[in-house]
Amino acid sequence: MNALVISGGTVVTATQTIRSDVRVEDGRITHVGPDLSTDKATQIDAAGCFVLPGGVDVHTHFDLTVNGLKVSDGFRDGTMAALCGGTTTIVEHPGFPEDGSLFTPLADARTNALHNAVTDYGVHGVVSQVNGNTPEDLATLAHGGVPSVKVYTTYDGRLNDDQLTTVLSSMGRENGLVTVHAENHAAIAELTKSLRARKELSPRSHPASRPGWCEAEAIQGLITLAKAAGNAPLYIVHLSTRAGLEHIRKARSEGLPVYAETCPQYLLLTDERYERPTNEALQYVMAPPLRTGEDCEALWEGLADGTIDTVATDHCCFSLQQKLDRGSRDIFACPGGIPGAETRLPLLWSEGVQKNRLTMNRFVELVSTAPARIMGLSPLKGDIAPGADADLVIFDPHATRILSPETLAHPADYTPFAGMEVSGWPRTVLLRGMVGAQDGTFVGQPGMGHYVPRTLNARNSQG
């Protein structure tokens, strides 16, 4: 028996805040209570700190290749940074498979994560084609540890309404979950065509090519299709607009199993960033684009009132140099995505909890407990309770850091949050009882992450 006691801290979960010790044996939490220290247990002093369940980021792209260009980090560097920022489990969204197979991206992601990932990890399926075998294949996934799939309403791998309904119906029958990148492709294509014709190729054309109403219209249509598919569970990724939020709020008021995720960039950054010089503005090219300050405030309200369920990152780290190489003369050739896995918890704590937008318990719910529950990772992940994995963050609320590439563990050549000062940073991060990060530095073992098969009943996963 390898015993460890974290003592002297304040344990914060989604439902309670208590002064308590946490005892760990063989990688699992065994007790939560006072005075658990013994002479035979290793001690970690958490005095003055909060003890949080490890963060769960259910929207990452650490292993993505788009148009022949691969992200600049990969599972090793990407999950190392995530761990240093307090995230102990991720769920990866693979890219579109060249052969259209549901199974190839899963196998590739697991192969590439093996011996590289230092967080635990799951994988979403991705559906880019639908045929007669699709319902059976989706059932195989859902009962084989992959109960969630990603679909798109834009890009080359998008699905039409008939195909979307097939996927929603099939996953609904299996109590699985369909996650969707929701933007209206036809509108984006027409707007992009017009901007190109006028040779408006600077970064300010990026938000003009995919305005907020493209997202809102797609969300409304998806809710309609989910209703038609027997009220199939639906999860909207990277929500960015007030209008989209209102469609989700209405669906939730009707009792529909619709979930929403947003990301720090849509809470903290606005579309004025595209007015900056090209070499700066390209940092913020992502889909959907950054929105207005009014959208940001609406999303904060959605977090506080429970309409938005999770905060993930959509971490997709094409380097600034990659963006400059392809996008400096033509914004529509720029690869989209930003790094963010390392900064998610500190940013949401600093801008949410410290500014009284969120309670500590709601913070834990958003970054850990709800994503674990919704994506079928609980009860092992997302909580501090006997029987759960000892994925723990000793969080120092007094630590401050000014964000920059130099102050982060991630090897990216930029951070979209550069110059922001955060109050609160993980002092120690444990994965299954093993210390993996200390004061923002990785101190664990290469490849210490394990694959986690997931089980899910998506119709009953709302908090």
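How many disulfides does a search of the whole structure find? The search finds zero, a disulfide being a pair of cysteine sulfur atoms within 2.5 Å. Cys 214 is in no disulfide, and the nearest cysteine sulfur, in Cys 263, is 18 Å away. Cys 214 counts as buried because its relative accessibility is 0%; buried means under 20% relative accessible area, exposed over 50%, and partly exposed in between, with a 1.4 Å probe and protein chains only. For Cys 316, the closest cysteine sulfur is that of Cys 317, at 8.1 Å, which is too far for a bond. Cys 316 is also buried, at a relative accessible area of 4%.

The model is predicted: local features need pLDDT of at least 70, side-chain atom pairs count only at pLDDT 80 or more, and totals for chains, interfaces and linings use all residues. Residues are numbered from 1 along each chain as its sequence is written, and side-chain values use heavy atoms, with hydrogens and water left out.

Strands are DSSP runs (E, at least two residues), numbered from the N terminus. Two strands pair if DSSP finds at least two bridges between them. Strand β20 covers residues 421-431 and β21 residues 434-438, while β22 covers residues 441-442.

| Antiparallel pair | Bridges |
|---|---|
| β20 and β21 | four bridges |
| β21 and β22 | two bridges |

β20 and β21 form a hairpin with two residues between them, and Arg 432 in its turn has a positive phi of about 50°. Leu 431 stands opposite Met 434 of β21. A hairpin with two residues between the strands is also formed by β21 and β22; here Asp 439 in the turn has a positive phi of about 50°. Ala 437 has Phe 442, in β22, as its bridge partner.
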